Structure formats: structure tokens, C-alpha cells
Amino acid sequence: MSGQNIWDKLQNVDRRVFYWILFIALTVPFLSPIGLPITVTPSTQSYYDGLKSIQSGEVVVLSINSGVSAWGDCLPAMIASVHKVYDQGGKLIVWSIGYTDVDITWAKIKEKLPDVFSKWKEGENYVYFGYCPGQETNVALLATNIRAIYPKDVRGVSTDQIPLMKDINGANKIKFVLSSDTGDAQMYYIRQWKNGQVNYEKTGKPPTVAEMGIAMNKSGDMAYYLSGDEFGLVAGSRGAAELEALTGYKGDATITMDSISVSHVLLVLAIILTNISMFATRGKKK
Amino acid sequence: MSQIYKREMVFIVAGVVAFVMILDYFFGKNIPGISGAGNLSSTLQTWALIIQLMAIGLGAINLIQVHYRQISRKTNMALYSAWFMVFFAILLLLGFYKLATGVEPYPYTWIFANVYVSLGATLYAITGFYIFSAAYRAFRARNIDAAILLIGGIFVLLANAPIGEVIWGGFPLIGNWFNNVGQVPGMRTFTVVGALGLLAYGFRALIGKERGFYSEVQ
Amino acid sequence: MIENIAVLYPTDPLAIAGLWTALFLMLAIYSYPLWKENPVYRFAEHTFVATALAIGIIVNLQSLMNTAVTPLMKGSFLMIIPIILGLCMYFLLVPKQRWVSRYPIAILVGSSLGLGIASNPLPSIINQIISTVTPPKAGTAVWAMFPGSPTGDWFSFAFVAVGCVCATTYFLLTYEHTGPVKPVTIAGRYFIMLALGAYFGNTVLFRFSMLAERGQYILKVLGLVPL
């Protein structure tokens with residue numbers, strides 16, 4: 001249209017142009033990763049310190065409450081965490097209270113850690129219970145009676161016959177919970193376990209909670225980390241990349257950081273551009 | 001009188017269940033029969049879980065009704081609704097086979113791994129596009145509030161991306177400060193105010209003032 | 001440093017067909033934002049809804065068998081009560097007898113509210129207030145260059161404390177925000193805007209990570225990057 005300058009045209013660009021630019025910007029960096037350095041934030045460092053405190057034989061719970069859609073943010077952190085639990089000689093109980101596709105996620109974790117799962121024995125070093133819906137009600141029950149929710153594991157073996165679960169039926173035998181979640185699942189553990197009535201036998205205090213969450217949880221759950229209700233918070237693919245740097249396991253999150261760098265710079269440039277055009281057209285209208 | 005079991009008794013049931021949960025949380029160790037495996041609180045929680053598990057059928061019935069209506073009225077979406085019904089039926093049969101025999105048939109596994117997982121991940125990821133175009137069109141520093149929003153957002157964006165540190169060392173420092181300190185007042189306020197609201201709403205629901213949970217009698 | 005474990009590209013024809021089907025469905029969904037609404041997108045959308053519903057039903061039934069049916073078969077006859085109550089939920093579909101469905105809903109509501117009311121105040125209110133008013137330890141610096149936590153220095157502690165008071169004042173709606181209260185609520189609004197800006201930055205990371213994972217998937221299926 002006549003009378004439109006470059007700033008007016010910029011404000012009226014078809015949004016599909018941006019979608020294509022974004023999609024290409026996110027995809028192409030995977031072809032040749034650069035690997036920029038990553039500095040570690042305090043919340044991720046605390047999470048890692050918590051993993052390092054696991055002593056041989058201690059049991060931790062991995063609660064997978066994130067789906068395949070959140071793999072970019074949560075899966076690398078889960079893989080790094082499981083590897084660290086193995087390194088420390090700990091034992092793992094895995095379950096989910098929130099997502100039906102937990103089987104795929106657990107299969108992916110095992111696929112990515114052949115060195116761990118070739119040595120770990122199911123039933124002795126780790127047990128996988130699968131998914132049972134129920135949210136907070138489920139979590140409250142698990143604190144006192146795991147067998148009520150999971151009478152058997154995914155293989156169909158009765159919980160009573162699993163060596164790892166011989167003396168374990170609640171939070172009193174569990175050191176802490178690693179909750180991978182996209183929303184409120186860690187809150188259920190904070191409410192029902194961390195601030196509940198069941199104490200971990202070794203410390204005399206309730207089991208603690210740490211979170212591997214999506215990036216938005218860095219904002220939403222920072223308050224819980226700072227108040228001490230969570231001992232660690234690994235949020236987003238950035239947090240997962242920091243955890244990978246700490247554990248020495250270079251995984252998908254580190255590779256994704258290049259794509260994130262390009263896309264974020266693109267977005268910042270787009271925001272700066274739109275503000276310049278706003279001020280330019282505003283001056284013109286005056 | 002006939003309305004008591006349709007309304008008042010319902011509130012009493014909800015109140016009693018909630019009261020048992022609250023008793024269990026605060027005094028469970030001191031009151032026998034309330035806390036621990038197999039006792040009242042645990043039993044009620046198991047019952048609530050079972051009721052929740054059985055409720056999915058309602059959603060299924062509703063969806064089937066919606067799509068059946070599309071097919072019977074021969075709308076332009078009828079063909080897609082017919083495909084929905086057929087695919088749903090096939091998958092349900094495969095699932096029932098799995099439940100009956102304990103063995104997961106390969107087509108079920110294949111559909112779960114390649115259809116459900118891929119589509120689920122893709123549908124959630126589509127919001128990435130919209131956030132980009134929304135930021136471009138709406139993220140403008142029109143006033144002080146918007147300017148603060150913008151500045152906070154940009155610094156956190158460049159702190160999250162490793163390239164921010166390469167561009168200028170201050171981006172990760174300031175961005176992480178915003179993440180660890182700057183945003184805490186606002187987020188903590190949301191947490192506290194939200195929790196207070198939940199308490200107020202919960203008590204209102206328990207004394208029968210909030211009736212949104214219960215459908216009205218005709 | 002342990003490198004990322006790459007999984008081999010499958011050789012089984014069904015597995016390869018699975019990868020390409022997933023890719024096709026993904027591109028079908030993306031045809032909507034990248035091009036326009038079209039029949040392929042609608043087909044993929046309806047496929048997802050059907051799959052999600054069927055899998056949800058099967059998974060719920062599996063859990064129901066584990067938690068209710070199996071114990072019932074083994075002699076826990078009390079389990080018949082929640083099963084009957086669960087069936088009562090379906091009276092929602094019968095207008096004249098809809099009141100029957102209120103009882104199982106009442107148990108659900110009571111259970112959720114009881115758990116929430118009892119356990120929420122401690123982490124979400126009390127611990128937050130304690131954390132806000134707890135000053136740093138003696139000997140802490142007045143100003144540490146980006147300490148990374150509110151108790152890392154006195155400035156951050158004061159910032160959070162003042163910010164929380166101002167932001168909470170903004171949400172108090174029982175009186176008008178005029179007079180001496182007005183600058184406090186304005187300041188509260190600015191603190192909230194800063195939090196929302198940070199939230200936006202983190203939201204972008206999440207959304208772009210999801211999209212990047214999908215973009216990476218295309219390259220994986222095409223064999224351009226390891227699977």
C-alpha cells in the first residue's frame with residue numbers, strides 16, 4: 001500500500017514467515033553443534049550436591065511426571081540423575097502419578113544408559129512400577145502404603161517378592177524424591193512427604209524433594225527452593241545442560257543449547273525490532 | 001425433607017472425608033485407626049483414587065456423543081468423526097486384548113510409540129510458534145510496566161541461552177539475578193495469595209457455599 | 001566426559017515405518033501453523049484424540065484392576081463400595097437421577113480439599129513468610145555482586161522483603177488504593193511485572209526446547225543426526 005514505510009510493513013508481516021524462520025533456526029544448529037560454555041546456577045548445584053550425598057544402598061524415588069512433550073526439558077536431567085545415582089551406589093524406585101507415556105520415557109532412559117543397566121539388576125538395584133493416576137491422593141497413599149498403589153511392578157512381579165522392596169512400603173525408607181514434572185507434582189511430594197508425618201529412618205526427618213522441571217518451574221518453584229522445601233531445582237533444558245556439565249554426562253540438553261542460543265537471539269532481535277518500529281511510527285503519527 | 005439426601009447429606013459426606021484427612025495430617029499418630037496403612041484415612045484415599053479411575057468413562061461417552069452427532073447430521077467434519085470412531089474402536093479392542101491376556105499386542109505398542117507419542121509431543125510444541133509471533137506483535141514498551149516486563153524478559157532470555165554470555169558477560173549475571181532474586185517477590189506473592197485463596201475456597205466448598213462441584217437437580 | 005549415546009537407526013521395516021509415520025503425523029500437525037488449516041491436519045488431530053482417549057481408558061482400567069478388582073478377588077470385599085460409587089458417577093448422564101453422582105464427587109472433593117487444606121499452608125504460606133523475614137547470617141556482606149540467593153547479601157534480603165510487602169499490598173482489594181498506600185501498590189505492580197518478565201523468559205525456553213526437540217526429530221528420521 002502507498003504511504004507505508006518499512007516500519008509499517010514490518011508490523012504487518014505474515015506470521016507464517018516468522019514460524020518458518022523460527023523452525024529453521026531451531027533445526028539447523030543440530031547439524032553442527034558448537035558447544036558454548038555453560039555456567040552453573042546455584043539451584044542446579046544444590047541438586048547435584050544432593051545427588052552426591054547418596055550413600056551406597058540408600059533408596060531414592062524417581063517420580064516421572066512429565067510426558068514425551070517435555071523430553072527436551074526433563075529427559076536429559078533424568079538421564080544424568082539416574083547415572084549419578086548409579087555412580088553413588090544408590091538404589092532406584094521409579095513410578096509415575098501423572099503421565100500415561102511414562103513407559104516410553106523409562107525405555108528411553110534405559111536405552112541411553114546401557115553402561116548402567118547392563119550392570120544394574122531389576123528388582124535388586126532398581127524397580128519400575130509404571131503409571132497409576134491419582135495425583136495428590138496417590139502421593140499421600142504412597143507415603144504410608146506403596147503396595148496399595150503398586151501391588152506389582154510392570155513385569156507383573158508381586159511387590160512382596162521384589163528384593164529391593166522387601167522392607168520398603170513407604171517414605172520411611174526413602175532418602176529423597178526426584179520429581180520430574182511439568183506442573184504441580186513436586187508440590188504433592190512437598191506437601192505429603194517433605195511436610196508430612198513420615199520420617200526417613202536414617203535422618204529422623206521427612207524425606208526431601210528435588211525437582212527436574214520444565215523451564216517455567218524456574219519461576220514458579222524458585223520460592224519453594226529458596227524456602228528450603230526443595231533441596232534442588234533443575235529447570236528446563238538449560239538446567240539439564242548444567243546438570244550434564246556437573247555429572248560429566250554430555251547429553252541432549254547440551255546439544256540443544258546451540259539451537260536455544262540461535263532462537264533466543266532471533267526472538268530478542270524481533271522484540272527490539274518491533275519496539276523500534278513502534279517508536280518510529282509513533283513519532284511519525286505525532 | 002426429600003432434598004436433604006440430594007444436597008445437605010452430600011456436603012456432610014464431603015466434610016467428613018475432608019475432616020478425616022485433616023485429622024490424619026495433624027493428629028494421625030495420636031488417634032488410633034486414622035493414620036497408616038489400612039486405616040480410615042488410607043481407605044478413603046484409596047476409594048477416592050478408585051472413583052477417579054472410573055471417571056474417565058464420562059469423558060469418553062461425551063466425546064463419542066459429540067462425534068456421533070457430527071456423523072448423524074452429516075456435517076463437513078463427519079468424515080473425520082467417522083475416522084475417530086473407527087480408530088478409537090480398533091485401539092480399544094487392542095487394549096482390551098492386552099488387559100485380558102496380559103500381553104501387549106505389537107500393533108498397540110507400535111501405535112503408542114509412533115502415533116500417540118509423536119502427536120502428543122508435536123501438539124504441545126506448536127505453542128512455540130505462537131509465543132514467537134505473540135512476542136513480536138505484543139511485547140512493546142508502551143509504558144513503565146511493559147518496559148519492566150520487557151527488560152526482565154530479555155535479560156532472562158539471554159541468561160538462559162549460552163550465547164548471552166558470549167555477547168556480554170553481564171547478561172547471565174543480571175539474568176540469573178532476576179531468576180534467583182528479582183522475580184522472588186512477585187512469585188512468592190502469587191504462591192502465598194494463591195494458597196490463601198485455596199484455603200478460603202476450600203472452606204467455602206466444605207460448608208456448601210460453593211456449589212460448582214455439584215450439578216443442580218432438575 | 002561420557003558422550004551422548006547414539007542409538008542405531010533401526011533396520012526392521014516396521015520400525016522404520018513407525019519412524020516415518022511419526023514424522024508424517026508431525027508434519028501434518030505443523031502444516032497448520034506453517035501453511036493453513038487443511039484436511040491432513042484435521043486427520044492428524046482426530047487421530048490424536050482417538051489415540052489419547054483409548055490409551056487413557058486402557059491405562060485407567062489397568063490401574064483399576066490393580067487397585068480395586070484384584071484385591072476384591074483376593075477377599076477385600078470392602079472394595080465393592082468404591083466400585084459402586086464409581087459407577088454412580090455415571091448418573092451424571094441421567095438428568096432426573098443426577099443427584100446420585102454427587103456422592104462419589106463429594107468423596108473426591110472432600111479427599112482433595114482435605115489433603116490440600118491440611119498440607120498447603122506450611123509450604124505455601126508459613127515457609128514462604130519465614131523465608132522472607134529470615135535475615136542473612138551475621139557477617140554477611142551488605143552487597144555481594146550477584147549473590148544468587150536472597151540470603152546471599154543484605155541488599156537481596158531487603159529487596160525480597162520490601163518486594164513481597166509491596167506486591168501483597170497490590171492484591172489487597174478490601175480498600176481503595178489511594179493516599180499513602182498508592183505508591184506501595186504501584187511499586188508492588190512493578191515487582192510483579194519483573195516476575196512476569198522473568199516468567200516469560202523461562203516460558204520461551206520451555207516452548208523453544210519442545211520445538212527444537214521436534215526439529216531434531218526430523219533430522220534424526222532423515223538420518224542427518226544420530227537417533
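With 16 C-beta neighbours inside 10 Å, B:L79 counts as partly exposed, because a residue is called buried when 20 or more other C-beta atoms lie within 10 Å of its own, exposed when 12 or fewer do, and partly exposed in between, with C-beta atoms placed from the backbone. B:L79 lies in helix α4 of chain B. Between B:L79 and B:H67 there are 9.9 Å in space, C-alpha to C-alpha, and the two are 12 residues apart in sequence.

This is a predicted model, in which local features need pLDDT of at least 70 and side-chain atom pairs count only at pLDDT 80 or more, while totals for chains, interfaces and linings use all residues. Residues are numbered from 1 along each chain as its sequence is written, and chains are lettered from A and ligands numbered from 1 in the order in which they are written.

## Chain A

Chain A holds 13 helices and 6 strands; these are DSSP runs numbered from the N terminus, helices being H or I of at least four residues and strands E of at least two. The C-alpha trace of chain A spans about 80 × 40 × 30 Å along its principal axes. Of the 286 residues in chain A, 60% are buried. Among contacts in chain A between residues at least 6 apart in sequence, 74% join residues at least 24 apart, a contact being two residues whose C-beta atoms, placed from the backbone, lie within 7 Å.

## The nonpolar core

A nonpolar core is a set of buried Ala, Val, Leu, Ile, Met, Phe, Trp, Tyr and Cys residues joined through C-beta atoms within 7 Å. The largest has 202 residues, and those touching the most other members are A:V60, A:L62, A:M78, A:V82, A:V94, B:I51 and C:I107. Helix α7 (residues 181-221) of chain C gives the most to this core, with 18 residues. Leaving aside its neighbours within four places in sequence, A:V94 contacts A:L62, A:I64, A:W106, A:Y126, A:Y128 and A:F129.

## Helix pairs between chains

Axes are lines fitted to C-alpha atoms, for helices over the stretch in contact, and angles run from 0 to 180 degrees between N-to-C directions.

| Helix pair | Axes come within | Crossing angle |
|---|---|---|
| α7 (residues 135-144) of chain A and α2 (residues 40-54) of chain B | 9 Å | roughly 140° |
| α4 (residues 78-101) of chain B and α2 (residues 39-73) of chain C | 8 Å | roughly 25° |

The angle makes α7(A) oblique to α2(B), whereas α4(B) is roughly parallel to α2(C). Angles under 35 degrees count as roughly parallel, over 145 as roughly antiparallel, 65 to 115 as roughly perpendicular and the rest as oblique.

The contact of α7(A) with α2(B) is made by A:T137, A:N138, A:A140, A:L141 and A:T144 on one side and B:S42, B:Q45, B:T46, B:A48 and B:L49 on the other. By class, this contact has 4 nonpolar, 6 polar and no charged residues. Here Ala, Val, Leu, Ile, Met, Phe, Trp, Tyr, Cys and Pro count as nonpolar, Asp, Glu, Lys and Arg as charged, and the others, Gly among them, as polar. The contact of α4(B) with α2(C) has 16 nonpolar, 5 polar and 2 charged residues.
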